[in-house]
Amino acid sequence: MSNTENADNSIKSRLNKLFQDARDEGFFITFDYSKGGEWLDVSSFTDDELAQMTNNKDHHFSGDLSLYAGGALAERMKISLEPFEPAAEIGDFRGESMAIRTLYNHMSQNVRDALGWTESMVEVGEEMASHSGKALNKSHLKTLWDILLEVAQQGGLSLQNSPNQDNLQKSDDKAI
């Protein structure tokens, strides 16, 4: 039985191909390295596709695949926020808060659910940031975008082709 029986056809066919390619090359995909095998390469899946696997709302994916996809999505989020860690480590949460708000505004609801991100979580972060020092202004937004776009190319969460793209400028102005 496939790990993806009855799953969305696009995701299912791509996953099945990865599993078949592994078998054809004489190895198997594993989610437990102690059993041998190779890790599943999910780098070609979008954030939303990983979120669909993670959320597994219709139980189309195995529990192991769901956990693995969630880990991959969490790793992308971690990569996206890494540039802001040094300031946050010394108590300045302004940049990280703006980055979180911007990412949140451009995530699909699937990705938000998979990462456990809620509006109230984002608001708490903004409240913490408001006590971090002087307010940031719109001139910082370009730098924020440059950072987020750069880390997206290095494996972070994607901001491009967002289902919320129409609200881009309005929501980013609100983040400041």
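A crossing of two helices is left-handed if the near helix is turned anticlockwise from the far one by less than a right angle, and right-handed if clockwise. The model is predicted, so local features need pLDDT of at least 70 and side-chain atom pairs count only at pLDDT 80 or more, while totals for chains, interfaces and linings use all residues. Residues are numbered from 1 along each chain as its sequence is written, and side-chain values use heavy atoms, with hydrogens and water left out.

**Layout**

The protein chain has nine helices and two strands; helices (H or I, at least four residues) and strands (E, at least two) are DSSP runs, numbered from the N terminus. Along the sequence the pattern reads α-β-β-α-α-α-α-α-α-α-α. Of the 176 residues, 38% count as buried, meaning under 20% relative accessible area, with exposed over 50% and partly exposed in between (1.4 Å probe, protein chains only). Contact means heavy atoms within 4.5 Å. Among the contacts in the protein chain with a separation of 6 or more, 65% are accounted for by residues 24 or more positions apart.

**Two helix pairs**

Two packed helices are described by the angle between their axes and the distance between the axes. Axes are lines fitted to C-alpha atoms, for helices over the stretch in contact, and angles run from 0 to 180 degrees between N-to-C directions.

| Pair | Axes come within | Crossing angle |
|---|---|---|
| Helix 5 (residues 94-105) and helix 7 (residues 119-130) | 8 Å | roughly 155 degrees |
| Helix 2 and helix 3 | 7 Å | roughly 145 degrees |

Helix 5 and helix 7 are therefore roughly antiparallel to each other. Angles over 145 degrees count as roughly antiparallel, under 35 as roughly parallel, 65 to 115 as roughly perpendicular and the rest as oblique. The crossing of helix 5 and helix 7 is left-handed. On the helix 5 side, Arg94, Ser97, Ile100, Arg101 and Tyr104 take part, and they meet residues of helix 7 including Glu119, Met121 and Val122. By class, this contact has five nonpolar, two polar and five charged residues. Here Ala, Val, Leu, Ile, Met, Phe, Trp, Tyr, Cys and Pro count as nonpolar, Asp, Glu, Lys and Arg as charged, and the others, Gly among them, as polar.

Helix 2 also passes helix 3 in a left-handed crossing.

Helix 2 spans residues 47-55, and its buried residues are Asp47, Glu49, Leu50, Ala51, Met53 and Thr54. They pack against helix 1 (9-24), helix 3 (63-81) and helix 6 (109-115). Glutamate 49 counts as buried because its relative accessibility is 13%. Beyond its neighbours within four places in sequence, glutamate 49 is in contact with Ser10, Ile11, Arg14 and Ser44. Asparagine 56, which follows helix 2, has a positive phi near 50 degrees.

The largest nonpolar core has 35 residues, and those with the most contacts inside it include Leu40, Leu50 and Met53. Such a core is a set of buried Ala, Val, Leu, Ile, Met, Phe, Trp, Tyr and Cys residues joined through side-chain atoms within 4.5 Å. Helix 3 gives the most to this core, with six residues.
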